[in-house]
Amino acid sequence: MQTSQLSGHSRVSTSISRNFSEFRTAVSESFVPLHVTSERPDPFWGKIRSIDVDEVHVSEVSATEHVVERTPELIARADRHYFKLSLQLAGTGLLIQDNREAMLQPGDLAVYDTHRPYSLVFDDEFRTMVVMFPKHLIDLPADVVGQLTAVTMSGKEGIGSMIVPFLAQLVSNLEQLNGNTGTRLTHSALDLVTTMFSRELDLERGNGNPHQALMQHIRGYIDANLASTDLGPSQIAAAHFISTRHLHGIFQAQGTTVSTWIRSRRLERCRRDLLNPVYADRPVAAIAARWGFVDAAHFSRVFKASYGQAPSELRSKAA
């Protein structure tokens, strides 16, 4: 049984499954296609409450014993790549990916990649929060985040003790994630999660790896100077006392280019401002110029190519 509740611009959907077959269908419809099995399918119950905010899918899943698998066959049919973040709220869960296993207790976090095989094993009743989001929404390259898949991150100590309560409140109040307020809260959550990932990977100090430390400093420099129309390879290389050739090599190793990275960061900042009610009266061209796009027509073209809609269309839908 599935019900929906309108909440501003967003819709909270609740799917209550009275049998295993209903739950198996609900899981694949809520997330990405998944293979779901259970050694105890009868009796079975499950519940999924979810909401889509911008490009982020936030859900609370409660159910009895089952196993979820993302298989190579299912991955081959996918055209979009997501990260999924799980926060265990009750019971336990086992996440397996990239030859690592994370046993999740209440308050534990873990991230996994929908474009690589994974398994989730729940041996008894449980409740968990799942946040599914496109990889481009966080400020870390996908291969860097890949070092954390199926790694348990505790919410009981350190920075996790500050972030986990915020996430738990978020999933307990899905109805509040409506309109621009919901967008800002959800992106704040992703910013916090990115901070936690950086801390876990010790990126501030490069994790003992000079190359990684340099890349982290360069990305930070780019983010701090996005508004500068002079931002480019020469300026970035000079600021870090390296050659432009070395700079291009660093980004090539990450599977991208300097200009592509700068453009994507600028576009994402523009997209957030367009969704922000604080800037509702600011012209689109002014927002573009704020983040280094001096040609409004060019900005509109690259924005539509990246997000599938013009800046004005995004703003009107959010209004």
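Mentor: What follows is a set of questions and answers on a predicted model.

Trainee: Is Ser-59 buried or exposed?

Mentor: Ser-59 is placed in strand β5, residues 56–63. Its contacts beyond four places in sequence include Phe-31, Ile-48, Thr-128, Met-129 and Val-171. Buried requires a relative accessible area under 20%. The value for Ser-59 is 0%, so Ser-59 is buried.

Trainee: How do helices α4 and α5 run relative to each other, roughly parallel or roughly antiparallel?

Mentor: Two packed helices are described by the angle between their axes and the distance between the axes. For α4 (residues 160–172) and α5 (residues 179–201), the axes are 10 Å apart and the angle is about 155 degrees. Angles over 145 degrees count as roughly antiparallel, so α4 and α5 are roughly antiparallel.

Trainee: What is the handedness of the crossing of α4 and α5, and how many nonpolar residues are in the contact?

Mentor: The crossing of these two helices is left-handed. From α4 the contact takes Gly-160, Ile-163, Phe-166, Leu-167 and Leu-170, and from α5 it takes Leu-185, Ala-189, Leu-192, Val-193 and Met-196. By class, this contact of α4 with α5 has no charged residues, one polar and nine nonpolar.

Trainee: Helix α5 also meets α9. How many residues of that contact are charged?

Mentor: The axes of α5 and α9 (residues 258–275) cross at roughly 145 degrees and come within 9 Å. On the α5 side are Asn-180, Thr-183, His-187 and Asp-191, which meet Glu-268, Arg-271, Arg-272 and Leu-275 of α9. The contact of α5 with α9 divides into one nonpolar, three polar and, as the number asked for, four charged.

Trainee: Which residue of β11 is the bridge partner of His-66?

Mentor: On one pairing, β6 is antiparallel to strand β3 (residues 35–37) over three bridges, with Thr-37 partnered by Val-67. On another, β6 and strand β11 (residues 118–122) run antiparallel and are joined by five bridges. In β11 the partner of His-66 is Phe-122.

Trainee: Is Asp-54 exposed or only partly exposed?

Mentor: Asp-54 lies in the loop between β4 and β5. Its phi is near 55 degrees, positive although the residue is not glycine. Exposed requires a relative accessible area over 50%. Asp-54 has 31%, so it counts as partly exposed.

Trainee: Asn-99 has a positive phi too. Is Asn-99 buried or exposed?

Mentor: Asn-99 sits in the loop between β8 (93–97) and β9 (100–104). Its phi is about 60 degrees, and the residue is not a glycine. The cut-off for exposed is over 50%. With 84% relative accessibility, Asn-99 is therefore exposed.

Definitions and conventions:
Residues numbered from 1 in each chain as written. Predicted model: local features only at pLDDT ≥ 70, side-chain atom pairs only at ≥ 80, totals over all residues. Heavy atoms only, no water. Helix = DSSP H or I, 4+ residues; strand = E, 2+ residues; numbered from the N terminus. Buried < 20%, exposed > 50% of the residue type's maximum accessible area, 1.4 Å probe, protein only. Contact = heavy atoms within 4.5 Å. Axes fitted to C-alpha atoms, helices over the stretch in contact; angles between N-to-C directions. Parallel < 35°, antiparallel > 145°, perpendicular 65-115°, else oblique. Left-handed = near helix turned anticlockwise from the far one by under 90°. Nonpolar A, V, L, I, M, F, W, Y, C, P; charged D, E, K, R; others polar. Pairing = 2+ DSSP bridges.
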